[in-house]
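Hi everyone, thanks for coming.

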Amino acid sequence: QLVLACLTKDPSARPSAASLAASLRELEGGARARAGAKPLLAGLLVVGLVAGLGLPLLASADDRAAASPRPSFAQRPGASAATPAAGPTLPRARWTQVASPQHPPAREGVAHGLATDPRGARAFLFGGRSAEEALRDLWCFEGGAWRELKTAEAPSARLGHSLTYDPLRDVLVLFGGLRPPRQPGGQAGVSADLWEFRPSEGRWRLRQLPPGQPAPSARAWHGAAWDAQAQQVVIFGGAVPGGKRYQQLNDLWAWDGRGWTQASSIGAPPARQSFAMCGNPETRSVFVFGGFGERRRVIGGLWERRRETWVQLEPPEGNRGPGRRASAVMAPAPGGVLLLGGGTPKRYDMDLWWWRGEELGWLQIEAPDPPSKRRFGGFGVLSPDARSWLLVNGKGEQGRRPQETWRLSLEASR
């Protein structure tokens, strides 16, 4: 009877681990005086192990799945079967277009020009390029709507710059970028200036360092992020004009509010520009993906900087991830990052991928009615639990520049 009770398909009818152990001790005591007690006891112990695991060996696959407390993942049809069906947090993705009475004009060149403050549920957008000119306006998204922050002084118009929020000092840090030519047909230049904007004061401040202090070279199309481990803003890579072609970089610099330090960068990724980069306060690390390498070759691969060492991340065997691409955007997500869009000079993508760590790898997430394909838009996390993101503007196919804001949310599904 005890064996049959353990093998029943109804979990509520199975004996608990405590009652099973008590029954086994009683049977063991009574069986010692009998011949053949050892085989009987061994059989009962096997039954005890099976029942203790909570899954009868003879239960069907459907029963085992129903009994499992792990979440199931919404997985794209055709994704690798090697992708685990369970892991941390399961996303049900949803795109929602934001209706705001005011909205930043359409623009591109702000892949790193959108800075977000997840604790305050705020986002800040600066500069970029419209169809006619480079821009120098500053916008704030808060309470579900945009408003322009007009200041007496502001950085010059630019694109391909970085804007990063420093939560320790509650300031925005703007660095570098591509300046438009001063005359029609002239050559654009790259900047090395550093500006800070404190939202509580509502003004920009140019940070001019004493001569001789170390500082990164002028550049554009670099990446920047808040490094939660070092408690500093870091910039990486980018490009500088070098003859007929741009020269790509792979140096790493840290800004602490007082000065620049060239950070230790053991095993740094190869030189690149127009790549995705973000920091994750949960993992206390910085991530980099893809971009244009030397001779503008499109590259892929995900890198993570842990303390002072870069590591190229490899997914589990058989796990399919995003292919090579440049101009993608990336933001922190539970346990890793979300990677959105990008493409090649001839291809636009708008696929969404979640890196969940080396044990689980990549998961492609499908969401109904996504925004149109684009790149060079702004993308950032907008909630402390990393379950809400903001996408603004960008450059679409056939030169289209959508003037719109979208919100992406992930909800747990069990």
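When I say contact, I mean heavy atoms within 4.5 Å. Please keep in mind that this is a predicted model.

Let's begin with Phe-379. Leaving aside its neighbours within four places in sequence, Phe-379 is in contact with Leu-114, Val-329, Met-330, Ala-331, Leu-338, Leu-340, Trp-389, Leu-390, Leu-391 and Leu-408. Phe-379 belongs to the largest nonpolar core, which has 22 residues. Along with Leu-338, Leu-340, Trp-389 and Leu-408, Phe-379 touches the most other members there. Several strands each supply at least two residues of this core, including S1 (92-98), S19 (336-344) and S23 (378-381). Apart from it lies another core, of 14 residues, with Tyr-165 and Trp-195 among them.

The largest holds about 90 Å³, and among its 14 lining residues, Ala-111, His-112, Trp-221, His-222 and Ser-274 lie nearest the centre. That lining has six nonpolar residues, eight polar and no charged.

The second largest cavity holds about 60 Å³. Which strand gives the most to its lining? That would be S19, with three residues. By class, this lining has six nonpolar, four polar and two charged residues. Leu-340 is one of the lining residues, and we already met Leu-340 in the largest core.

Last stop: strands S8 (residues 189-198) and S9 (residues 203-206) run antiparallel, joined by four bridges. Glu-196 stands opposite Arg-205 in S9. Four residues sit between the strands of this hairpin, and Gly-202 takes a positive phi near 70°.

Conventions
Residues numbered from 1 in each chain as written. Predicted model: local features only at pLDDT ≥ 70, side-chain atom pairs only at ≥ 80, totals over all residues. Heavy atoms only, no water. Pairing = 2+ DSSP bridges. Core = buried A, V, L, I, M, F, W, Y, C linked by side-chain atoms within 4.5 Å. Buried < 20%, exposed > 50% of the residue type's maximum accessible area, 1.4 Å probe, protein only. 1 Å grid on protein atoms, 1.4 Å probe; cavity = no way out; pocket = protein on both sides within 12 Å on 5 of 7 lines; lining within 4 Å. Points joined across faces, edges and corners; volume = space filled by probe spheres on them. Nonpolar A, V, L, I, M, F, W, Y, C, P; charged D, E, K, R; others polar.
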